[in-house]
Amino acid sequence: MNEVLTRLRHSNLVSLYGCTSRRSRELLLVYEYIPNGTDQFLTWPIRMSIAIETANALAYLHASDIIHRDISCSWLFPTDVSHVSTTPQGTPGYVDPEYNQCYQLMDKSDVYSFGIVLIKLISSMPAVDISRHRHEINLVNLAVNKIQRQRI
């Protein structure tokens, strides 16, 4: 799998250059360095650009028969191809709820996570926030509640 990931090249994916061997105690991944911070204000054109670039990268991965498994969003750059283990993983608040029931990841799992990224880009709210009402700790629940109440 690592060989496949190191061959992936897309302008919207952080390149994986390599990793430690199987004989190593710890798995170390060597990625392309991406400069800039994540603390700047995002204008609507920047948010749209992030959404489009993430969608393009996701389409590229799916066309290569790769399920990402952990689509989440930092404030400036999408997080891409960040796991190479075979055990299921994911960032809290972005994981497909069907995965929690059947433990099967599909391209639809990535689409669900991408939807959370879109909600985050639109709302500027974190995917998980324990200070919100208990039924709205996860951003998706907050969005669904607002849509059902016609408050968006």
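Among contacts in the chain (heavy atoms within 4.5 Å) between residues at least 6 apart in sequence, 47% join residues at least 24 apart. The model is predicted, and local features need pLDDT of at least 70, side-chain atom pairs count only at pLDDT 80 or more, and totals for chains, interfaces and linings use all residues. Residues are numbered from 1 along each chain as its sequence is written, and side-chain values use heavy atoms, with hydrogens and water left out.

The chain has five helices and four strands. Helices (H or I, at least four residues) and strands (E, at least two) are DSSP runs, numbered from the N terminus. Read from the N terminus on, the order of elements is α-β-β-α-β-β-α-α-α. Of the 152 residues in the chain, 32% are buried. Buried means under 20% relative accessible area, exposed over 50%, and partly exposed in between, with a 1.4 Å probe and protein chains only. The accessible surface of the chain comes to about 10,000 Å², and carbon and sulfur atoms account for 55% of it. Accessible areas come from the Shrake-Rupley method with a 1.4 Å probe; for residues, only the protein chains shown count as cover.

Helix α2 is a place to begin. This helix covers residues 44-63, which is 20 residues, and reaches 28 Å from its first C-alpha to its last, close to the 28 Å expected at 1.5 Å a residue. The expected span is 1.5 Å times one less than the number of residues. Buried residues in α2 are Arg 47, Ile 50, Ala 51, Thr 54, Ala 57, Leu 58 and Leu 61. Seen down the axis of α2, these buried residues fall within an arc of 135°, so they line one face of the helix. The arc is that of the directions from the helix axis to the C-beta atoms. An α-helix has 3.6 residues a turn, so residues three or four places apart point the same way. Trp 44, Pro 45, Met 48 and Ala 63, on the other side of α2, are exposed.

Which helix does α2 cross at roughly 175°? The partner is α4 (residues 107-123), and the two axes come within 10 Å. Axes are lines fitted to C-alpha atoms, for helices over the stretch in contact, and angles run from 0 to 180 degrees between N-to-C directions. The helices α2 and α4 are therefore roughly antiparallel to each other. Angles under 35 degrees count as roughly parallel, over 145 as roughly antiparallel, 65 to 115 as roughly perpendicular and the rest as oblique. On the α2 side the contact is made by Trp 44, Arg 47, Ile 50, Ala 51, Thr 54, Ala 55, Leu 58 and His 62, and on the α4 side by Asp 107, Asp 110, Phe 114, Leu 118, Leu 121 and Ile 122.

Helix α4 also packs against helix α5 (residues 139-148), at an angle of about 70° and with the axes 10 Å apart. That makes α4 roughly perpendicular to α5. Here Tyr 112, Ile 116, Ile 119, Lys 120 and Ser 123 of α4 meet Leu 139, Val 140 and Ala 143 of α5.

Ser 109 is another residue of α4 to look at. With 4% relative accessibility, Ser 109 counts as buried. Not counting residues up to four places away in sequence, Ser 109 touches Asp 96 and Gln 104. Glu 98 is found in helix α3 (residues 97-102). Its relative accessible area is 48%, so Glu 98 is partly exposed. Leaving aside neighbours within four places in sequence, Glu 98 is in contact with Tyr 103 and Met 106. Glu 98 and Lys 108 are ten residues apart in sequence, and their C-alpha atoms are 9.7 Å apart in space.

Most residues other than glycine have a negative phi. Asp 65 follows α2 and has a positive phi, near 60°. Asp 65 lies in the loop between α2 and β3 (72-73), and at 71% relative accessibility this residue counts as exposed. Ser 124, in the loop between α4 and α5, has a positive phi of about 60° although it is not a glycine. At 34% relative accessibility, Ser 124 counts as partly exposed. Tyr 33 lies in the loop between β2 (29-31) and α2. Tyr 33 is exposed, with a relative accessible area of 67%. Tyr 33 and Val 14 are 19 residues apart in sequence and 8.0 Å apart in space, C-alpha to C-alpha.
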